[in-house]
Amino acid sequence: MTPLENGSVAAVADVEPGLPVDVLRRVFGYDAFRGEQREIVEHVVGGGDALVLMPTGGGKSLCYQIPALVRPGVGVVISPLIALMQDQVDALRALGVRAGFLNSTQDFDERRMVEAEFLAGELDLLYLAPERLQSEATLSLLDRGEVALFAIDEAHCVASWGHDFRPDYLALSALHERWPKVPRIALTATATKATHAEIAARLKLEDARHFVASFDRPNIQYRIATKNDPKKQLLDLLRTEHAGDAGIVYCLSRASVEKTAEFLVRNGIEALPYHAGLDARTRAANQARFLREDGLVVVATIAFGMGIDKPDVRFVAHLDLPKSIEGYYQETGRAGRDGLPSTAWLAYGLQDVVQQRKLIETSEGDDAHRRRLTAHLDAMLALCETIDCRRVRLLAYFGQHSERCGNCDTCLTPPESWDGTVAAQKLLSTVVRLKRERNQKFGAGQIIDILLGRKTAKVIQFDHDALSVFGIGTELREAEWRGVVRQLLAQDLLAVEGEYGTLVLTDSSGEVLRGQRQVMLRREPERPTRTAKEPKAAQAGRKVPVDLPEAAVPVFELLRAWRAATAKEQGVPAYVIFHDATLREIATTVPSTLDQLGTISGVGENKLAKYGQPILDVLAGQPEGTEADDTH
Ligand code: ADP
Ligand code: ZN
């Protein structure tokens, strides 16, 4: 309507303001708010400040997008995720929302155009990198326009001891001083009490209303397996349960990222590496492919993933032990944002415990820092070794309650526990004898060889077959002994020391040796555990959502092919067109009119106008492009 509008903006329909629930239906195509979304939206629309803690996939974006559309002015979103802004803006434009961004990836002309749109009131949402707010030019730009609200996304970046700390975020506390009347909403998926308190204090949100959602992610199945041949175990998981699915595999080191990605590719799985050692262009290209294409696997260090809002990540696998439950929960939370069934799988073994303990011992920083790292690791280990429901333990860590979930490995195949007191005593006394009689320390391998009475070269070299404990542990298999060592380490009844990971006693070991303390252990599985889940859907190597009726599968595949072609043509990720959940509903209900199609969740007005007819054509089996159609 003004001469400033360029082609791409003109293609975007104006969104009429209205009641929040109308905007939800018309623009986003959703029937109802989820959880506390309605209260949060109404509170911010009314001008209140809010601090929102909600798990990944909980629906945080709507909490600021809808108020931005309802309130006069432009919603300003502060986000550290520069690489993802283009996709976020594309997704909003596909809905008919007038969105733009300002960050360092743009040249002068692009920035000037967005600034002009902002000043002319032609934007609903403006995404800003936090460092922009350091410049007076940006601040005075905001002064000259009308700001509907400030949304501070990934608000945990302001927490100084979290691993995502961004100094730029500290400056955000000044927003309120300069624009006291503009409501602020800060959002994060990090839930611990410490982080919560720090965000509130640093962003001066003590008087804001705090919304703390349940952190449960019921569609994610949590599984922690004993590690024996991790790459093979992973391949097995992908082949039997996740053929053709998009997923993320986390490894600790760059080298293991590279090796694992190569291994998967050699075995016919499309996998891309991602770590800080790759050049920026390769990293960006791999991330873009993961977002845009269907069914790719990214093998990555934890450098990958923050803000990745790809909704159809079907699994997150960890080949190494995460350092904390916070990290584990954030990483696994990237699975299943669309609410469909997803897997969080972790392989964990004795070597992980030894390695992590060693890392802490040699880490920089003072004792208090090391104690904190140890506390984080101990909580993670307790989760791995628990015989309770994993979800109950996870949520308890965040101070929330849950019943046994029926959707984690310990619920599905309850592990047995056994009284390992005698085994623990045998193992600990072997450590004691070596120290007392020989003044020696050894790692787990040698201790287990002694217990099993194996005359290995190293046993003979050190004359260990002469020890009274030689061969006293033949009732257990080697794997079981490794389990005993691992669990004693996890329970702090045994410790590792030094470069070689030698085993030493802890302050609590004595209680076990004196028979004052019972040691309950988790039984090691004979073979790696398989889930109860039926892998039938994956047999043909196709991706079939779990509860899609058999008859709807071919239609779903047609719709997916149409979506892939359309996404490619428009240069946007497939999920920007429609989410899997939406395609699934279309394939199941097979609407025959635009009106019927418009009632499906995820089909708003703009998408109906743009994609409605092509979808009906696909459903009617008409080849595309048969009608004279030159709207693109
Ligand atoms: P978060 O930012 O909290 O991780 P998102 O805002 O990306 O979550 O939302 C997760 C998914 O849920 C998205 O696919 C979004 O479109 C969908 N969603 C959010 N709110 C609703 C709702 N009220 N009804 C249906 N789907 C919703
Ligand atoms: Zn459970």
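Biologist: How are residues, chains and ligands labelled, and which pLDDT limits apply?

Modeller: Residues are numbered from 1 along each chain as its sequence is written, chains are lettered from A and ligands numbered from 1 in the order in which they are written, and side-chain values use heavy atoms, with hydrogens and water left out. Because the model is predicted, totals for chains, interfaces and linings use all residues, whereas side-chain atom pairs count only at pLDDT 80 or more and local features need pLDDT of at least 70.

Biologist: Which helix gives the most residues to the shell around ligand 1?

Modeller: A residue is near the ligand if one of its heavy atoms lies within 4 Å of it, and 15 residues surround ligand 1, with Tyr30, Gly57, Ser61, Arg337 and His579 the closest. Helices are DSSP runs of H or I with at least four residues, strands are runs of E with at least two, and both are numbered from the N terminus. With 3 residues, the one that gives the most to this shell is helix 4 (residues 60-70).

Biologist: How far is an oxygen atom of ligand 1 from an N or O atom in the side chain of Ser61?

Modeller: An oxygen atom of ligand 1 lies 2.6 Å from an N or O atom in the side chain of Tyr30, and a nitrogen atom of ligand 1 lies 2.9 Å from a backbone N or O atom of Ala32. For the side chain of Ser61, the distance from an N or O atom to an oxygen atom of the ligand is 2.5 Å.

Biologist: Why are helix 13 and helix 15 called oblique to each other?

Modeller: Axes are lines fitted to C-alpha atoms, for helices over the stretch in contact, and angles run from 0 to 180 degrees between N-to-C directions. Angles under 35 degrees count as roughly parallel, over 145 as roughly antiparallel, 65 to 115 as roughly perpendicular and the rest as oblique. The axes of helix 13 (residues 325-332) and helix 15 (residues 367-385) come within 8 Å, and the two helices are therefore oblique, since their axes cross at roughly 60°.

Biologist: At what angle do helix 18 and helix 21 pack?

Modeller: Helix 18 (residues 421-438) and helix 21 (residues 478-490) have their axes 11 Å apart. They are therefore roughly perpendicular to each other, packing at an angle of about 85°.

Biologist: Which residues does Glu206 contact, leaving aside its neighbours within four places in sequence?

Modeller: Glu206 is found in the loop between helix 9 (193-202) and strand 7 (209-212). With contact meaning heavy atoms within 4.5 Å, its partners are Ala200 and Ala201.

Conventions:
A polar contact is a pair of N or O atoms within 3.5 Å; within protein, one must be able to donate a hydrogen and the other to accept it, and residues adjacent in sequence count only if both atoms are side-chain atoms.
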